[in-house]
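Please have the sequence and the model open side by side while reading.

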Amino acid sequence: MERKKVKPDQPVLDFGLSFGGILNELGNITQDITRMVEEGKTEMSRTGEISFDKLQKRKGMYGISVRMGGDGMPKIDTFGRRPKDDTREPIVDVFEEEKRVQVIAELPGVDEKEVSVALKGTTLTIKAGKGERKYKKEIELEIPVKGEPKTQYKNGILEINIEKG
Amino acid sequence: MRFGFHSGVDIFNEADRLQVIAEMPGVKEDEISVVVQGLTLNIDTGEGERKVRQSINLGIPVKGIPRTHYRNGILEINLPKA
């Protein structure tokens, strides 16, 4: 069965970037989308670096990913570190399958025991890590689900399977 | 299909070495190979048709064999300065 891709999230541009920086990025994204259509690509991402202070170790990655949905509409999502609380927003993919919803999150650098997944209604919250490397993401699944989410973490990738309600 | 850097690479210039921290979630440890050619660090990941190379310009001469450590999707490379 072909896996159906579900809109993972609403784009939230809450980086501590200057407004001009964000507008620049959006300008680039527009060009990227045009190029994706021309080249027939379905997914891409663009990242950059923000400095929070003069210490090199405090540099953070941020990025915007664009995926072409099956309906031909580009879907824009953000990932990276949010400077205000030092928590990063991981890249998350949501797949709707016949009997379950599968969520794949990229959480490099955390220990398995530092990962927590909570489901409330159709809202899935992923929290992971401690200290300098923390992740948090809330995902609105928009699909009724039931039971406990089953999780598996390996090599920095968290896989969550939830039965459809 | 995904292209471009979607994961982060940081280079830290320490007194006696360069430390490269690369995020590569989903990569298996035995699929990683690290090679230095001149001032370029090549990190190859994946196998078969899914090989990916990330080339990083170090900017500083290094020597010896890179020491690598991989855990939970993070690759740490230590390169002694020449």
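**Strands, sheets and cores**

A:Phe95 has A:Gln102 as its bridge partner in strand E7 of chain A. The model is a predicted one, in which local features need pLDDT of at least 70 and side-chain atom pairs count only at pLDDT 80 or more, whereas totals for chains, interfaces and linings use all residues. Residues are numbered from 1 along each chain as its sequence is written, while chains are lettered from A and ligands numbered from 1 in the order in which they are written.

The strands named here are DSSP runs of E with at least two residues, as helices are DSSP runs of H or I with at least four, and both are numbered from the N terminus; two strands are said to pair if DSSP finds at least two bridges between them. In chain A, strands E6(A) and E7(A) pair in the antiparallel sense over five bridges, and a hairpin of three residues joins E6(A) to E7(A). E7(A) is also joined to E12(A), in an antiparallel arrangement with seven bridges, and there A:Ala105 has A:Leu158 in E12(A) as its bridge partner.

Chain B has seven strands and zero helices, so that its elements, read from the N terminus on, are given by the DSSP definition as β-β-β-β-β-β-β. Strand E1 (residues 9-13) and strand E2 (residues 17-23) of chain B pair in the antiparallel sense over five bridges, and E1(B) and E2(B) form a hairpin with three residues between them. Within this pair, B:Val9 has B:Ala22 in E2(B) as its bridge partner. E2(B) also pairs with strand E7 (residues 74-80) of chain B, in the antiparallel sense and over seven bridges, with B:Ile21 standing opposite B:Glu76 in E7(B). E7(B) in turn is joined to E6(B) by five bridges, again with the strands running antiparallel, and B:Arg67 stands opposite B:Asn78 in E7(B).

These pairings can be followed across an open sheet of four strands with the order E1-E2-E7-E6 (chain B) and antiparallel pairing. Its edge strands are E1 and strand E6 (67-71) of chain B, each of which pairs on one side only. From one strand to the next the twist averages 15 degrees, where axes are lines fitted to C-alpha atoms (for helices over the stretch in contact) and angles run from 0 to 180 degrees between N-to-C directions.

Chain B also holds an open sheet of three strands, in the order E3-E4-E5 and with antiparallel pairing. Here strand E3 (33-37) and strand E5 (52-57) of chain B are the edge strands, each pairing on one side only, and the twist averages 20 degrees from one strand to the next. Five bridges join E3(B) to strand E4 (residues 40-45) of chain B in the antiparallel sense, and the bridge partner of B:Val34 in E4(B) is B:Ile43.

Which residues have the most contacts inside the largest nonpolar core? That core has 17 residues, and those with the most contacts inside it are A:Val92, A:Val103, A:Ala105, A:Leu107, A:Ile126 and A:Leu158. Strands E6 (92-96), E7 (100-106), E9 (123-130), E10 (133-140) and E12 (157-164) of chain A each supply at least two residues of this core. Apart from it lies another core, of 12 residues, among them B:Leu18, B:Met24, B:Tyr70 and B:Ile77. A nonpolar core is a set of buried Ala, Val, Leu, Ile, Met, Phe, Trp, Tyr and Cys residues joined through C-beta atoms within 7 Å. A residue is buried if 20 or more other C-beta atoms lie within 10 Å of its own, exposed if 12 or fewer, and partly exposed in between, with C-beta atoms placed from the backbone. Of the 82 residues of chain B, 22% count as buried.

Most residues other than glycine have a negative phi. A:Asn155, however, has a positive phi of about 50 degrees although it is not a glycine, and its place is in the loop between strand E11 (145-154) and E12 of chain A. With 17 other C-beta atoms within 10 Å, A:Asn155 is partly exposed. B:Asn72, in the loop between E6 and E7 of chain B, likewise has a positive phi, near 50 degrees, but B:Asn72 counts as buried because it has 20 C-beta neighbours inside 10 Å.
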